[in-house]
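Work through the exercises below with the sequence and the model at hand. Each task is followed by a solution in steps.

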Amino acid sequence: MRLIWKEPLLLVSIIAIFYFLMIFVLFPLFMVFKTSLIVDKQFDLSNYLAIFSKKYYFQPFINSMILGVLAATAGTILGFVFAYAITRTPIPFKRFFRMTATFPIISPPFVIALAAILLFGRAGSLTPFISRIIGEYSIYGLGGLVLVETIAYGPIAFLVLYGVLQAIDPALEEAAMDLGASRARVFATVTLPLAVPGIASAWLLVFIESMADFGNPMVLSGNFRVLSVQAFLQITGMYDLSRGSTLAILLLVPTITAFFIQKYWVARKSYVTVTGQPTGATIKRLEWYIKLPTYAACILFTGIVFLFYGMLIWGSFQTLWGVDATLTLHNYVEMFQVGKDYIIDSLALSTLATPITGILGMFIAFLVIRKKFIGRATMEFVSMLTFAVPGTVVGIGYILAFNQRSALFPFVLTGTAWIITTLLIFRNMPVGIRSGIAALQQIDPSIEEASTDLGASSNKTFRKITLPMIAPAFFSGLAFSFVKAMTAISAIIFVVSGRWNLITVAILGFVDNSQYAQAAAMSLLLIVIVLIALSIIQILVGRIGKGARSVSIVN
Amino acid sequence: MRPDYLVLRSLVKVFGTGENIFTAVDNVNIEVQEGELVTLLGPSGCGKTTTLRMISGFEIPTSGEIFIDGEDVSTTPPNQRPTTMVFQNYALFPHLTVFENIAYGLKIRRDSKENIRKTAEKIMLLVGLEGLAERSPAQLSGGQQQRVSLARSLVMEPKVLLLDEPLSNLDAKLRVSTRLEIRKLQQRVGITSVYVTHDQEEAMTLSDRVVIMHQGKIMQIGTPQAIYAKPANRFVADFIGKANFLEGRIGSLASRNEIVLDIMGQKFQVLVQPGSFSEGARVFLVVRPESVNLEPKKPDTLTGTVQEAVYLGSQMVYEVDVAKNIITVEVANPQEHMVFKAGEEVTISFQGKSLHILPYEEAH
């Protein structure tokens with residue numbers, strides 16, 4: 001504590017960070033909660049008393065839960081099979097499969113729903129064939145949503161389970177086999193039990209993501225009402241802030257519960273620790289009954305990813321989707337004419353927000369790991385909170401909190417670029433903090449001490465030793481927050497305005513008008529921008545971080 | 001006691017394809033007697049672990065056969081082989097208790113519950129794990145984990161017990177006491193064992209016989225004494241203990257089994273196998289540092305200059321320059337011997353019986 005007083009600059013920055021966290025994280029959440037308790041300018045519990053009696057609350061809640069559970073289950077199974085194939089079988093082209101499987105993570109999630117419409121919608125390319133087999137069907141609704149959410153968020157389950165399976169020492173499986181267990185028995189008694197905490201983690205994460213998802217259900221839910229979309233419609237369509245806020249709280253409760261179960265309970269039950277260097281993997285002599293289904297699942301899913309994104313490309317060149325299939329470049333021309341401002345705004349605001357997100361995240365990570373002060377745990381907790389809160393809740397919170405002056409914050413932000421930028425910063429900051437913490441924990445303090453011992457000042461030590469070592473993590477944090485900023489929709493859609501608008505919102509607008517070809521063209525442009533940005537950052541990391549590994553998109 | 005209980009015949013293992021092929025094990029032949037403990041010893045990358053993994057079934061030989069108790073198991077999957085392995089990092093199942101770990105194989109074998117309990121308890125008593133049955137592996141010390149791993153393998157009563165550097169994760173003191181325990185246990189149970197290590201001291205104390213491997217090939221098979229006293233080639237001599245190498249020439253055959261050696265102009269009479277060397281042949285001589293005697297310089301002897309003298313308490317270690325050959329000399333119990341200083345001129349000598357002669361070509 002005494003140390004803090006000796007470093008007034010540090011003290012000031014800690015206080016400033018706490019102030020910002022309070023204003024931009026806690027205050028909006030508080031406003032959502034407060035608004036849900038106010039009906040006709042009166043304090044009133046009726047919204048909550050009506051949760052189980054009024055269908056407009058109850059039905060979306062049940063629907064969202066069903067969607068979350070189904071998508072989480074399907075996504076986790078898919079992710080597990082994929083992770084098993086890549087870590088435990090000699091499947092060829094591992095890099096290719098891994099890259100394809102994780103591709104949906106860096107693309108805006110709702111493009112999957114868009115591709116689903118192009119493939120299976122009323123004028124979908126595959127619709128005639130499928131209806132011949134299964135009869136009349138509609139992609140709009142629960143079935144279509146589960147499909148789309150599984151493709152969009154299954155990759156998250158894959159990444160979690162890939163890490164878990166890779167960390168399970170193959171010697172354990174060898175030991176089981178050595179003691180007489182068959183391959184199936186090894187799987188049932190060793191691999192699976194050890195992966196259970198990881199499976200639970202993956203399930204909960206996909207549950208959170210697909211329940212909180214806004215873009216895909218907005219495009220594809222049809223009459224199947226889910227919380228995120230209903231909250232949006234109540235607020236922007238009916239101007240009913242109170243009801244919208246209540247729906248947001250209904251959305252917040254299960255997702256945040258799942259987040260805390262995942263973070264504080266499941267993570268603690270994990271057996272998986274890296275025990276030295278794993279010996280050769282046990283992938284010799286794999287029986288066909290393991291190879292066949294895992295390989296088939298990998299090929300199938302990869303095929304689906306290619307089909308969906310290929311459909312976007314194909315669709316973007318059609319004159320009028322479902323009516324005129326003549327190939328044309330007109331959509332791209334129109335996209336640039338109509339969408340120029342959106343593109344510029346998106347690029348400008350994301351480029352502004354990204355470095356701030358990165359530096360702030362790294363600074364908070366540095367404070368949390370290397371400094372001791374009262375409220376350190378609180379700082380970490382609050383700054384990670386936005387990660388667990390659905391975008392819809394954050395978005396509603398921001399319009400409630402910043403459309404008027406308050407005692408805490410004497411500016412009106414609604415309608416400005418600042419509300420979008422701050423939202424992007426605070427929403428993506430947990431990524432920066434997490435990669436920063438991971439990087440700093442890897443650096444043994446004795447490395448810094450060695451530098452000081454050899455005569456470097458602490459300033460020089462930071463520049464010459466610490467900075468180069470955390471640079472790769474810093475840049476991968478940057479990469480990820482840029483991707484998130486460019487592809488954000490659920491929170492952003494509440495705070496965009498006539499003056500400041502973003503690509504993702506424009507794409508959603510095209511979809512709303514059934515201009516699927518233009519929507520596809522613009523989605524592709526967005527994907528290309530994201531890929532270019534990622535390669536630039538990758539090259540930068542290659543230059544700066546000597547010996548550092550390449551940027552990992554997902555922490 | 002079958003002399004050929006475990007047989008490795010012309011065993012070859014090649015990794016990789018095309019340009020990047022690597023022969024990890026190159027024509028290995030070993031016969032292990034029933035109840036014997038044989039150590040595979042060699043530097044890392046010599047093929048010892050690959051050989052062990054072929055015996056356990058985790059690697060399939062590129063060519064050659066493996067027989068256990070007369071049965072060809074070369075391609076039998078590991079779960080159907082009568083072998084069990086003690087892994088280097090123990091590979092204890094972290095989600096099972098000590099008891100469940102030990103009972104794992106018995107359960108797979110579908111022993112009765114009662115039988116499993118009895119057998120497991122007996123083995124836990126044998127290795128000294130009583131009272132720890134309900135602990136999880138994470139709650140055990142390194143030495144205890146090692147014993148669980150050993151118990152888990154022993155309880156299966158395998159025909160061959162395989163140990164893959166089982167002591168390398170223990171600290172130095174525990175390693176010494178544990179290796180004695182393993183040896184006693186192995187002899188008490190009478191189990192045929194193959195033990196892999198890169199630690200020569202471990203190999204010497206534990207083994208009935210040692211197999212020295214280098215670059216996938218067997219350099220020598222023999223008892224610890226034979227390997228130390230009569231290394232088959234320069235690699236073995238250098239790898240096991242410290243060795244001085246001197247060039248010499250067979251001067252004349254004194255009798256049928258005695259030759260006169262010429263080492264840097266000095267003559268030594270040495271007993272050899274009859275007919276093993278011809279007159280005038282160039283040879284390499286292996287002399288262990290402890291077999292060399294130092295005296296103050298005398299005329300008509302092999303002389304040199306002390307380059308370094310290091311006092312180690314229980315012994316004195318010298319480096320002596322003898323006509324540009326550096327000879328290492330260890331003198332035990334320095335209190336009872338004359339101590340020389342760097343720069344002093346000395347006479348070195350050794351007895352004929354502590355010289356080991358290698359044909360010139362074996363040494364290169």
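**Exercise 1: a sheet in chain B**

Strand 16 (residues 302-311) and strand 17 (residues 315-322) of chain B run antiparallel and are joined by six bridges. Strands here are DSSP runs of E with at least two residues, helices are runs of H or I with at least four, and both are numbered from the N terminus. This is a predicted model, in which local features need pLDDT of at least 70 and side-chain atom pairs count only at pLDDT 80 or more, while totals for chains, interfaces and linings use all residues. Residues are numbered from 1 along each chain as its sequence is written, and chains are lettered from A and ligands numbered from 1 in the order in which they are written.

Solution. 
1. Two strands pair if DSSP finds at least two bridges between them.
2. The open sheet has five strands in the order 15-19-16-17-18 (chain B), with antiparallel pairing.
3. Strand 15 (293-296) and strand 18 (325-332) of chain B each have a single partner strand, so one side of each is left without a neighbour in the sheet.
4. On average, neighbouring strands of this sheet are turned by 45° against each other, direction ignored; the axes are lines fitted to C-alpha atoms.

**Exercise 2: the side of chain A that touches chain B**

Task: State how many residues of each chain are in contact, and which helix of chain A supplies the largest share of its side.

Solution. 
1. A contact means that C-beta atoms, placed from the backbone, lie within 7 Å.
2. By this criterion 21 residues of chain A meet 20 residues of chain B.
3. Helix 9 (170-178) and helix 10 (183-212) of chain A each supply at least two residues of that side of chain A.
4. The largest share, seven residues, comes from helix 9 of chain A.

**Exercise 3: Ile503(A)**

Task: Decide whether Ile503(A) is buried or exposed, and list its contacts.

Solution. 
1. Ile503(A) lies in helix 22 (residues 503-512) of chain A.
2. A residue is buried if 20 or more other C-beta atoms lie within 10 Å of its own, exposed if 12 or fewer, and partly exposed in between.
3. Ile503(A) counts as buried because it has 25 C-beta neighbours inside 10 Å.
4. Leaving aside neighbours within four places in sequence, Ile503(A) is in contact with Gly339(A), Tyr342(A), Ile343(A), Ser346(A), Met522(A) and Leu526(A).

Methods: Two residues are in contact if their C-beta atoms, placed from the backbone, lie within 7 Å. Axes are lines fitted to C-alpha atoms, for helices over the stretch in contact, and angles run from 0 to 180 degrees between N-to-C directions.
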